[in-house]
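Please find below a colleague's note on the structure.

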Amino acid sequence: MKKLTNKDELQALRQQAQQEIAERNQNKNRIIVGMGTCGIAAGAQDVVNEILKELQRRHITNVEVVRTGCIGMCEREVLIDVVRAGEDRVTYGQVVPRDIPRIIGEHIVNGRIVEDMVVGRLTAV
Amino acid sequence: MTFYRGHLLVCGGEGCTSSGCNEVHGAFREAMRKKKIEDEIKIVQTGCHGYCEKGPLVVVYPEGVMYNRVGVKDASEIVNEHLVKGKPVTRLFLTDPISVDQVPKYEELDLFRKQHRIALRNCGMMDPDSVNEYIARGGYSGLAKMLDTMQPAEVVNEIKESGLRGRGGGGFPTATKWEFCSKAKSNKKYIICNADEGDPGAFMDRSLLEGDPHSVLEGMIIAGYAIGADEGYLYIRAEYPLAIKRIRNAINQAKELGLLGENILGSGFNMELKIKEGAGAFVCGEETALIASIEGERGVPRSRPPFPAIKGLFGKPTIINNVETLANIPYIIDQGAQTFASVGTDKSKGTKVFALTGKVKNSGLVEVPMGISVREIVYEIGGGTFEGKKFKAVQTGGPSGGCLPESKLDLPIDYDSLASAGTIMGSGGLVVMDEDSCMIDVAKYFLTFTRKESCGKCTPCREGTMRLLEMLEKITAGEGEMADLDRLERLAKTIKTSALCGLGQTAPNPILSTLQYFRKEYETHIKDKKCPAGVCQALFFYRIDDHICVGCGVCIKACPTDAIEGERKQAHHLDMEKCIKCGGCVDACPFHAVIKE
Ligand SMILES: Cc1cc2nc3c(=O)[nH]c(=O)nc-3n(C[C@H](O)[C@H](O)[C@H](O)COP(=O)(O)O)c2cc1C
Ligand code: SF4
Ligand code: SF4
Ligand code: SF4
Ligand code: FES
Ligand code: FES
């Protein structure tokens, strides 16, 4: 990475990063996994592994798996958010690896929210 | 190329094949041919949806309606009703195809409705390992703005106008502390981030470090600039390995980008930040002990003054701020003091993060505007106590805090009103208790903690907490006398005023506040030898009600000490001498014949 030497360069990097994120949000589906200590303690790593496996099984390549920190609902960990390109972000709680094929199949593939596991929804960011 | 007005997806995965999807596929083809719509709707065979136990699955697009357990005889109904008439066959729905709008939005969830996120603004919203995402969300623009346009004194002033007070417990005005240090003359100054977080039950600092490490770093760089420091430490307890890892990564990224290190953003300002892992002693959160610990000494407090702002780390002027305090700083500089100060109460501005736990339905981390009432937090955010249980108290401020009774539910939460009610904000633990909690037991719990964590340097704390604990134990054992209450109170007040550091000075708070609000409960323990909550083991016993007992013998198997005897079909008896009060028989008895009294 190139060192930033003034405010304008930071501003330019910010715009570039925003642009990249906006493009990603438009064109890519995302699965965001809560990987704070509580999340990991609740088994987030196993869930991530299952997500990657399931995506591979179905030859799905347009999904990005990213992590995030604590959102405050630690009791409902493992929390994963599913965002279909351009759509709202839906949070699922108390997810175990067994739920992953269903969440990916229903939500990512068919765009149908798995209602019984939903914790909440965030307006698209 | 042919255009279809719709698609019908029949799952052809392994699971569905075994439950007969091929026949179903054929039936659809046949039904569509009959209705002459085979050119309008395309049948597609798909791979597994991952829902095989509900298979065969059929999805109709463009509506995206999913049918499950579709049999051969359902095909014509779906074709006739849905594809021809446009009426979905609801009886085959998996769940009602609830539209996306019906999922509650975060803003509508109890846990989020009353929140106002400033410190936690990025937590859960970005990848903590990506500096680009932080920058995209406005990160480091406060720093850039400051370096470009503000003198150190102006930074201090901006913080002063924001009204920010330290989130680490005491609530001391941040700007006053900074100003003190910025005026100290020295060739070297330090900024320290206190991430010791020793309060049992609190984890907001950890979550911030893990979820938004750059905010904390940015806050430290800004603070360093304001006071004239060029070096800083993050004192993080070693039990927080993930927080340490994320901060380390964030430091590296910030350095690579020239946001940390030499000549930050070309401004000529330098800042070096290092991590110091703490061994995890509660007293090491105290400023002077923390400094000693970084210097490689034993983490023991020393008397103040001189305050660290004048004579701190390695004898140099030093500012210590809490993680949450620091996470607020970039927001204030970037958004302006007024934006921050528009939230909160007169003397407590902004928000506070609480770790809401105990006997509430929704627990978790919540960030709320100062001035919100205890009731709003417990009932509207926390969803109240569990079914059928009565609210009893809320404990704030961790081991240094106190308990508030039901009559204080409408107290606005800010530094001063909590203090005047006999407790403190502390670092933000909020433990809700219901009728099953014994307040003397609660006081005992916190005192056990502080006594264990006392460093032993001064007598009031070392000996005093021991004596306090002994008296509490005496009372919970049913051996207390009324005179003990006065003794407790007197000793508690003495320790408060004579202990050397904050640990000892606040250790008696749980006792004093429970004595203030729950004195009756102490008296019941002493006079009636009863624990109304049924917690203090010595003060209750089990009895089998011989009118209810049917003599089934189930309890005998549950009892680890053979305390129960009886003939089959005759009322059983419980030997109180042998009973260790494990409660096993209570849970086991199908007739609720075992009574606690
Ligand atoms: C026994 C004891 C433990 C403390 N533990 C912490 C702690 O874990 N984290 C913290 O930020 N402050 C803790 N404090 C308060 C700090 O000494 C100090 O006041 C605070 O870090 C200052 O930061 P602030 O002004 O941003 O609140 C503790 C104080 C005492 C007396
Ligand atoms: S008050 Fe307690 S913890 Fe503080 S210096 Fe004295 S003995 Fe140590
Ligand atoms: S409380 Fe435990 S020890 Fe006592 S009688 Fe019941 S099962 Fe036995
Ligand atoms: S389980 Fe209950 S009903 Fe059965 S013998 Fe024991 S006390 Fe009596
Ligand atoms: S760690 Fe995931 S919500 Fe707290
Ligand atoms: S094979 Fe059809 S859902 Fe799995």
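1. Conventions. This is a predicted model, in which local features need pLDDT of at least 70 and side-chain atom pairs count only at pLDDT 80 or more, while totals for chains, interfaces and linings use all residues. Residues are numbered from 1 along each chain as its sequence is written, chains are lettered from A and ligands numbered from 1 in the order in which they are written, and side-chain values use heavy atoms, with hydrogens and water left out.

2. Length of H1(A). Helices (H or I, at least four residues) and strands (E, at least two) are DSSP runs numbered from the N terminus. Helix H1 of chain A comprises the 21 residues 7-27. At 1.5 Å a residue, its expected span (1.5 Å times one less than the number of residues) is 30 Å, and the end C-alpha atoms are 30 Å apart, which agrees.

3. Cap of H1(A). The N-terminal end of H1(A) is capped by A:Asn6, with a side-chain oxygen 2.9 Å from the backbone nitrogen of A:Asp8.

4. Two sides of H1(A). Which residues of H1(A) are buried? They are A:Leu10, A:Leu13, A:Ala17, A:Ile21, A:Arg24 and A:Asn25; buried means under 20% relative accessible area, exposed over 50% and partly exposed in between, with a 1.4 Å probe and protein chains only. These residues lie on the same side of H1(A) because they cover an arc of only 105° around the axis, taken from the directions from the helix axis to the C-beta atoms. On the other side, A:Asp8, A:Gln26 and A:Asn27 are exposed.

5. Packing of H1(A). The buried residues pack against strands E1 (29-34) and E2 (63-68) of chain A, together with helices H5 (131-136) and H6 (141-149) of chain B; contact means heavy atoms within 4.5 Å.

6. B:Tyr445. This residue lies in helix H17 (residues 439-453) of chain B and is partly exposed, with a relative accessible area of 48%.

7. Ligand 1. Of the 18 residues around ligand 1 (a heavy atom within 4 Å), B:Gly168, B:Lys177, B:Glu197, B:Asn322 and B:Thr325 come nearest. An N or O atom in the side chain of B:Asn194 is 2.9 Å from an oxygen atom of ligand 1. A backbone N or O atom of B:Gly285 lies 3.1 Å from a ligand 1 oxygen atom.

8. Ligand 2. The closest of the 13 residues surrounding ligand 2 are B:Cys455, B:Lys457, B:Cys458, B:Cys461 and B:Cys501.

Conventions:
A polar contact is a pair of N or O atoms within 3.5 Å; within protein, one must be able to donate a hydrogen and the other to accept it, and residues adjacent in sequence count only if both atoms are side-chain atoms.
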